[in-house]
Structures are given as C-alpha cells and as structure tokens.
Amino acid sequence: MTATELHGFLHGLPGVDQVGAEERAARLATRSIKTSAKAEAIDLAISMVDLTTLEGADTAGKVRALCAKAAHPDPSDASVPKVAAVCVYPDMVETAVAALSGSGIGVASVATAFPSGRAPMEAKLADTRAAVAAGASEIDMVIDRGAFLSGDYAKVHEEITAVKDACGPAHLKVILETGELATYDNVRRASWLAMRAGADFIKTSTGKVSPAATLPVTLVMLEAVRDYRAAAGRQVGVKPAGGIRTTKDAIKYLVLVNETAGPDWLTPDWFRLGASSVLNDLLMQRRKLATGVYSGPDYFTLD
C-alpha cells in the first residue's frame with residue numbers, strides 16, 4: 001500500500017461519535033456486578049496486570065522485589081493468581097528474566113526511546129534487539145507521535161514494521177500515547193495503523209503523559225480490535241495504562257472489554273492492565289471479600 005493509499009484508508013475510517021462514545025463508556029461504568037462475580041473479576045484483573053517499574057532510580061534489587069511480588073502477590077495466600085508480566089527498562093531485562101525463571105510470567109521491556117520515541121531508527125532497533133537478546137518476551141514500543149500528527153502515516157507504519165521484525169519471537173505492544181493524539185478519530189486511525197503494521201497489542205499510554213488511559217479512549221480501541229478481527233481475521237490485544245488505581249477502576253475496564261470486544265478478549269493473552277498501583281487495592285478487596293475485614297494498604301508490599 002502506498003503512502004497515499006494508506007492516508008486514504010485511515011481517513012476513510014468511520015468517524016467516532018465523541019458524545020456517543022463518552023456516554024456509552026459512562027453508562028457501562030455504572031454496571032454493578034454480584035459479589036460472586038466480583039471475586040472472579042478481581043482474580044481475573046490480577047492475572048492481567050503488567051507490574052511495572054520505569055524510573056531512572058530503578059535498581060536490580062527493586063526489580064527482583066517486584067518480580068517476587070509478581071509471582072506471589074500475597075505471600076500469605078497461595079490462591080492469589082500471579083500477574084501477567086513484569087515491565088522494565090531494557091537494561092533490567094536480564095535481572096527480571098533471572099528472577100522470574102520458571103514462573104511462566106512474561107518479561108516486557110519498553111524500547112524505541114521510551115517514552116518520547118525521539119531517536120534515530122537505528123537506535124530504536126538496537127534498543128529492541130538488545131531487550132529481546134536479554135530475554136524479553138514482550139516489547140512495548142512508542143510511535144512517533146510527531147510523524148503521526150503531521151500526517152506522515154507511512155513513516156509510522158514503516159517504524160512499527162521494522163520494530164516488529166526486530167522483535168523476532170517477542171510480542172509487540174504499540175503505545176499510541178493517546179493523551180497526545182487530541183481526538184478519538186486519531187485514536188481510531190492510530191489503532192488501525194498499528195494493527196496493519198503488525199502490532200500484537202495496542203496500548204494507550206506510556207504513563208508519563210496526562211491524560212493516560214481513559215474509558216472512552218479504551219472503548220474506541222476495543223472497537224478497533226473487534227472490527228479489525230472481523231476484517232482481517234487476526235486478533236489483537238489491548239492494554240490501557242496509567243490512571244487505573246482502584247478495584248472499581250479495574251472492573252469498569254473488564255465490563256468495557258466484555259461489552260465492546262466480547263469475552264474472547266477477557267484473558268491475559270488479549271487484555272492487560274498497565275497499572276502497578278492497582279494491584280494492592282485488588283489484593284485488599286480480595287481479602288475483604290474472603291474475611292469481611294480490610295487489611296489496610298500497608299499490609300501488602302509497596303511497589
């Protein structure tokens with residue numbers, strides 16, 4: 001597909017009804033679920049968490065502690081499911097891989113000059129290859145928002161395709177940084193662009209830009225993966241990241257997934273929560289359902 005054809009395709013997608021999307025997301029957010037279903041939803045949400053540390057002050061010790069929590073979120077309760085993955089910077093991948101050996105938990109690495117995406121293509125590919133060589137099973141790349149917003153969709157497509165190739169066996173999550181895309185129409189276009197270029201997952205945000213994940217934006221992305229599977233026969237996952245802090249928040253996203261994309265997406269293989277802070281609240285709510293009393297936020301380890 002030529003650059004002109006790609007531009008025509010993306011601008012030929014149906015426009016997003018902003019009011020309708022926001023009203024539907026708000027309506028779904030009010031859905032209540034039964035106590036028995038809530039227990040299942042909490043465990044499902046825990047199993048979907050990408051436990052993340054992406055700070056300049058990260059140390060090997062901090063990463064090992066995070067990996068221990070990922071494998072045993074509540075050491076006093078072996079019935080608590082493990083999380084989906086641990087997400088770190090490329091230089092911490094080797095540490096995470098060693099700490100999680102045999103656990104079945106994925107190691108995700110941000111790459112491509114996260115979070116800005118501002119680097120030469122050679123550096124972005126080297127970043128990706130180094131993380132995969134160190135053992136990363138998932139790569140979270142950021143798109144060039146400057147190129148996207150200036151209409152250079154072909155450049156964004158080429159970068160995603162090249163990074164996907166550099167991933168080898170690792171799965172590729174493409175971060176759209178929806179807080180910088182300005183409109184729901186742009187979110188839909190960026191979602192389709194990433195999927196056509198080979199993304200295994202589309203992700204809302206780096207968590208470094210406000211706003212991060214929102215329910216209406218995630219609704220638009222879920223509609224996109226649903227429609228893309230119908231058109232292309234390939235299923236793509238979705239990961240909202242940033243701003244998801246409570247069990248209520250997490251359950252709202254699960255309802256949104258079920259009602260928009262459908263139950264096929266309600267597994268850690270196809271839906272992730274990029275929200276480390278939500279894990280402790282999920283654990284507190286889980287213990288409250290089981291015992292009738294709150295444990296308090298300091299009962300569980302702080303990330």
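Mentor: Two strands are said to pair if DSSP finds at least two bridges between them, where a strand is a DSSP run of E with at least two residues and a helix a run of H or I with at least four, both numbered from the N terminus. The model before us is predicted, so to speak of local features requires pLDDT of at least 70, side-chain atom pairs count only at pLDDT 80 or more, and totals for chains, interfaces and linings use all residues. Residues are numbered from 1 along each chain as its sequence is written, and side-chain values use heavy atoms, with hydrogens and water left out.

Trainee: How do you know that strand 1 and strand 2 pair?

Mentor: Three bridges join strand 1 (residues 50-52) to strand 2, and pairing asks for at least two, so the strands pair. They run parallel, and A85 in strand 2 is the bridge partner of D50. Between these strands the chain passes through helix 4 (residues 60-71), and this β-α-β crossover is right-handed; that term applies if, with the strands pointing away from the viewer, the path from the first strand over the helix to the second runs clockwise.

Trainee: What makes strand 2 and strand 3 a pair?

Mentor: Four bridges link strand 2 and strand 3 (residues 106-110) in the parallel sense, and V88 stands opposite S109.

Trainee: Which way do the residues of strand 2 point?

Mentor: A85 and C87 point one way and V86 and V88 the other, and all are buried.

Trainee: Why is T112 called buried?

Mentor: Buried means under 20% relative accessible area, exposed over 50%, and partly exposed in between (1.4 Å probe, protein chains only). T112 has 0% relative accessibility, so T112 counts as buried.

Trainee: Why is A113 called partly exposed?

Mentor: A113 has 22% relative accessibility, and therefore counts as partly exposed. A113 lies in the loop between strand 3 and helix 6, and T112 is found in that loop too.

Trainee: How do you know which peptide bonds are cis?

Mentor: Omega is about 0° in the bond joining F114 and P115, which is cis. The bond joining S210 and P211 is cis as well, with omega about 0°. P115 sits in the loop between strand 3 and helix 6 (121-133), and P211 in the loop between strand 6 (201-203) and helix 10 (215-232).
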